Amino acid sequence: MALLNLDDEQGNATLEFVLVVGLLVGPIISINQALTVMNLRQVSIAAIGETVARQYALGSNAAETAALVGVLAEDAGLQAKSLSVSIGCVPDVGCSSNSRAVDVEVRYKGAYSSSRQFMNESGSMLALTVGLLSICLALTFAGVNIEAANVFDQRVSKLARYLALEHFSDQPDFSAQYVQTEAAGLANRYLMNVREVSRATILRPEPKTLSAIVCARFEMPITLFGLGSNYESCGVSKVRLIG
């Protein structure tokens with residue numbers, strides 16, 4: 001009989017590989033299948049508990065509930081004889097008209113699930129929906145008006161700059177009415193959509209600097225209860241000669 005030489009690695013390991021893999025793969029597949037069945041079973045009895053609790057809270061009697069359990073068990077592929085469903089209420093276990101909620105416990109071959117459903121769900125979502133829509137609408141209106149006010153502030157500042165550039169080389173000895181009329185004319189020329197120029201002033205604080213102040217009124221795009229119908233914005237622009 002030849003002795004086994006462990007230093008020699010020549011040979012075929014196919015047989016050993018098949019034996020080892022066969023011994024390991026079988027238990028792994030069996031365990032995976034068992035876990036999958038347990039998971040599906042747990043999901044099924046949880047769904048049954050939720051459905052039964054909901055149906056019982058809507059006013060189903062014992063006969064209707066038992067028929068529903070049978071149908072659900074058949075749809076889930078469960079044995080109705082092994083399925084145990086117990087129903088209790090809070091705070092009265094006997095489920096009277098004073099009960100606030102119903103508790104449903106479902107057991108099936110070691111799997112367990114519990115569900116709770118409120119008995120009284122009367123009411124309407126209309127008030128809450130209207131309230132949320134009103135808040136969203138108010139925020140939308142406010143956002144539109146704020147954006148319009150920001151645009152108008154930029155227009156008034158631009159109008160003041162135009163007015164300062166127009167009279168930079170002149171002496172600011174014009175009357176307030178003249179400057180106001182000229183500012184209104186500039187607003188119409190550049191299509192600034194100004195409702196009224198309320199005040200316009202040209203000042204020369206020093207020989208090389210000219211300052212123009214313009215205040216104008218306009219109406220918000222969205223007005224509610226008179227709010228935003230008489231908005232006023234003022235713009236200031238200074239022009240200085242360099243050199």
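**Ground rules.** I count residues from 1 along each chain as its sequence is written. Since this is a prediction, local features need pLDDT of at least 70 and side-chain atom pairs count only at pLDDT 80 or more, while totals for chains, interfaces and linings use all residues; side-chain values use heavy atoms, with hydrogens and water left out.

**Overview.** I started with the elements and got four helices and six strands. Helices here are DSSP runs of H or I with at least four residues, strands are runs of E with at least two, and both are numbered from the N terminus. From that end the order reads α-α-β-β-β-α-α-β-β-β. Next I looked up burial: 26% of the 243 residues are buried. My cut-offs are under 20% relative accessible area for buried, over 50% for exposed and partly exposed in between, with a 1.4 Å probe and protein chains only. For contacts I use heavy atoms within 4.5 Å. Of the contacts between residues at least 6 apart in sequence, 51% join residues at least 24 apart.

**Helix 2.** This one covers residues 62-76, 15 residues in total, and its first and last C-alpha are 21 Å apart, close to the expected 21 Å at 1.5 Å a residue. The expected span is 1.5 Å times one less than the number of residues. I found Thr-65, Val-69, Leu-72 and Ala-73 buried. Looking down the axis, those buried residues of helix 2 fall within an arc of 100°, so they line one face. The arc is taken over the directions from the helix axis to the C-beta atoms. Ala-63, Glu-74 and Asp-75 are exposed on the other side of helix 2.

**Helix 4.** Residues 176-189 make up this helix, which has 14 residues and reaches 20 Å between its end C-alphas, close to the 20 Å expected. Which residues of helix 4 are buried? I get Val-179, Glu-182, Ala-183, Leu-186 and Ala-187. They cover an arc of only 145° around the axis, which puts them on the same side of helix 4. A reminder to myself: an α-helix has 3.6 residues a turn, so residues three or four places apart point the same way. The face turned away from the buried side carries the exposed Gln-177 and Asn-188.

**What helix 4 packs on.** Its buried residues pack against helix 3 (126-166) and strand 4 (196-206). I checked the helix pair: the axes of helix 3 and helix 4 come within 10 Å and cross at roughly 120°. Those axes are lines fitted to C-alpha atoms over the stretch in contact, with angles from 0 to 180 degrees between N-to-C directions. From helix 3, Leu-159, Tyr-162, Leu-163 and Glu-166 meet Val-179, Glu-182, Ala-183, Leu-186 and Ala-187 of helix 4.

**Two serines.** Ser-169 sits in the loop between helix 3 and helix 4 and is exposed, with a relative accessible area of 66%. Its C-alpha lies 9.8 Å from that of Leu-241, 72 residues away along the chain. Ser-211, in strand 5 (residues 209-218), is buried at 6% relative accessible area. What is Ser-211 in contact with, leaving aside its neighbours within four places in sequence? I listed Thr-201, Ile-202, Leu-203, Pro-205, Val-236, Ser-237 and Lys-238.
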